Structures are given as structure tokens and as C-alpha cells.
Amino acid sequence: MSITKEAAADALRIAHEASERSAMLRGYQSTAPHLILWGCAYAAAYSYGYFVPQNAGLAWLVAVPITSVGDVIVAWRDKGEQTDSGDWTSMAGLFATFLAFITAAAAVFQPQDPKQMAAFVPLVVAACYTVLGLWLGRRMVFAGIAVGALTLFGFFALPAYFMLWMAAVGGGTLILTGLWLRQA
Amino acid sequence: MDTPDEVIHQSLRLRIMATLNALSDGDLIEFTRLRSVLSATDGNLGAHVSTLENADYVRVEKDFVAKKPRTRIAITNRGRTAFGQHVAYLRSLLEDPPIPRAAE
């Protein structure tokens, strides 16, 4: 069997494209359940924040740890026995960094209105999804841009209904995007 | 490797191997999902997976989930090595041969 240079280049291109596509789809499959989980958290916590505004922060104090535990369970089921201590360290580090950044930013900016923090966190999340999407694939970029744009729209155009907007549209976008990634 | 791997070099088999090689060790992919990823037909994909299985480049696991049959495929260590060697061979074809030194 002899292969020409052109055929070799073509075969390498085919192999590369298949490999890239496989990695992208695997990334989507891994990420999808996390988006759905956080979409449900958004829907629950923002709804609570709308109907019980005086305890809006409490909803997140409950939702974040529960959803984070859900993230760990999902990640463990995804990788199972292949999960090693490095993976857990990375996940814990990522979460700790995110929490530290949000806390530090709040301390620096001193938001006067709870809606500012309610908008700031999903904007940071949206930026993270968009950046992640540059490596994982376009669907994540779409998710990030969608959540960011909808957050800004709700904050500026619907201030009286912002929490409800985020529950329905923010949470809904994450859930629908998670389902969309799973279909890929 | 000085020769191509004829088992791997066929277009769909190359794509199957590249797809499986991108997964982590031990990761299995369902046949239906692989078919969807590669836009292949059942028969075509099945035939090529069999060829790769006979060469011990992939392993096929069959079980039942909620009474429905499920077929999953993973690359073997031998398959990973063979794929890597075949890619290395293809790359070597693209390298320009060294310019021979003039006799003194």
C-alpha cells in the first residue's frame, strides 16, 4: 500500500477533525448536566428572591452548596473510577477561586442594591462560559453570550421584575442550553 | 513505523479511531452515538467496527439497559498505539527528505 503526500495530508486532516469533534462533543456531554443543575438553581433561588426579597441572599446560601454537591456527584458519575485526586483538587480550586473573586469584587464595589449582586454573579458566570466555549465549542460561547445579554437586558429594562426575569429567562437559558449540549 | 496501517487507513475506520482516541482511557461510547458523530449508517459503521475489533484495536461491550440492548465501543491500548504509529507514519510522508550531501 503506498500513500501519496496529498493523501497523507488529507488523512491527517480527517483524523484531526474527527479528534477535535470528538473532544468537543465529549466536553459538551460533560458540561450539559452542570448547566441544567445551575439553571434549576437559578430558577429556584431567583424566584425565592422575587417573592421573599428580604431573604433573597438566604436562597443562594442554600442553593449554592446544594448545587455544588450536585456538581460533584455529576462529575464523579461522569468519570467514575477514573476520577483522581487531581480532578477533585481542580474542581475545588476552581470553585474556591470563583467564590473568592465574587467576594473580593463585592468588597471593592460595595453594591448598594441587592439586584447589583444578583446581576454581577451571572455576568461573571456568562464570561466564564464564553471563555470556556473558546476551547470547548461554539455552543458554550452561545450560552455565555445569551446569559450575559439576558442578564443585562433584565437589569436595565425590567428592574422591578429582574429577579423573576432571571429565574425564568436566566435559569431557562441554562437549562435549555444544557439540553442542547446533550443533543450535540 | 515504515509502513501504513492498512486496517486504520480506510477513511471511516480512520475517523472511528480518531474519535475513540480522543476519549480518555476506558471511556466507552455508545454505538448509536458514534454513528451520529460520524454520520454513518448502522451497517457501514458495524462492518468497520468489526474489522477494528478483529484487529484488537477496539473492544465492543454489549449489555442491556432497561431491557434494551446497548452496544458500546472503546479503543484498546493496542489500538491507541497503532493509531499513534499510523499518524506518525502519515506525518513522516509530509516531511521533506534530507538533502543529500555532495560527495567530496
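Reply: Helix 5 (residues 138-157) and helix 6 (residues 162-183), both of chain A, have axes that come within 10 Å and cross at roughly 170 degrees. An angle over 145 degrees counts as roughly antiparallel, so helix 5 of chain A is roughly antiparallel to helix 6 of chain A. Keep in mind that this is a predicted model.

Who touches whom? On the helix 5 side of chain A, the contact is made by Arg139(A), Met140(A), Phe142(A), Ala143(A), Ala146(A), Val147(A), Leu150(A), Thr151(A), Phe153(A), Gly154(A) and Phe155(A). Helix 6 of chain A answers with Phe162(A), Trp165(A), Met166(A), Val169(A), Thr173(A), Leu174(A), Thr177(A), Trp180(A) and Leu181(A). Sort the residues of this helix 5 and helix 6 contact in chain A by class and you get 15 nonpolar, four polar and one charged.

Now step back to the whole chain. Along its principal axes, the C-alpha trace of chain A spans about 75 × 40 × 30 Å.

Then there's the partner chain. Helix 1 (residues 5-51) of chain A packs with helix 2 (residues 11-21) of chain B at an angle of about 40 degrees, and their axes are 8 Å apart. That angle makes helix 1 of chain A oblique to helix 2 of chain B. The crossing of these two, helix 1 of chain A and helix 2 of chain B, is right-handed.

From helix 1 of chain A, the residues involved are Ala11(A), Ile14(A), Ala15(A), Ala18(A), Ser19(A) and Ser22(A). They meet Ser11(B), Leu14(B), Arg15(B), Ala18(B) and Thr19(B) in helix 2 of chain B. By class, this contact of helix 1 of chain A with helix 2 of chain B holds six nonpolar, four polar and one charged residues.

As for the interface as a whole, 25 residues of chain B are in contact with 20 residues of chain A. Chain B and chain A bury about 1900 Å² between them, with 65% of it on carbon and sulfur atoms. The salt-bridge count between chain B and chain A is one: the side chains of Asp27(B) and Arg26(A) meet at 3.1 Å, N to O.

Terms used:
Residues are numbered from 1 along each chain as its sequence is written. Chains are lettered from A and ligands numbered from 1 in the order in which they are written. This is a predicted model: local features need pLDDT of at least 70, side-chain atom pairs count only at pLDDT 80 or more; totals for chains, interfaces and linings use all residues. Side-chain values use heavy atoms; hydrogens and water are left out. Axes are lines fitted to C-alpha atoms, for helices over the stretch in contact, and angles run from 0 to 180 degrees between N-to-C directions. Helices (H or I, at least four residues) and strands (E, at least two) are DSSP runs, numbered from the N terminus. Angles under 35 degrees count as roughly parallel, over 145 as roughly antiparallel, 65 to 115 as roughly perpendicular and the rest as oblique. A crossing is left-handed if the near helix is turned anticlockwise from the far one by less than a right angle, and right-handed if clockwise. Contact means heavy atoms within 4.5 Å. Ala, Val, Leu, Ile, Met, Phe, Trp, Tyr, Cys and Pro count as nonpolar, Asp, Glu, Lys and Arg as charged, and the others, Gly among them, as polar. Buried area is the accessible area (1.4 Å probe) that two parts lose on being put together, summed over both. A salt bridge is a side-chain nitrogen of Lys or Arg within 4 Å of a carboxyl oxygen of Asp or Glu.
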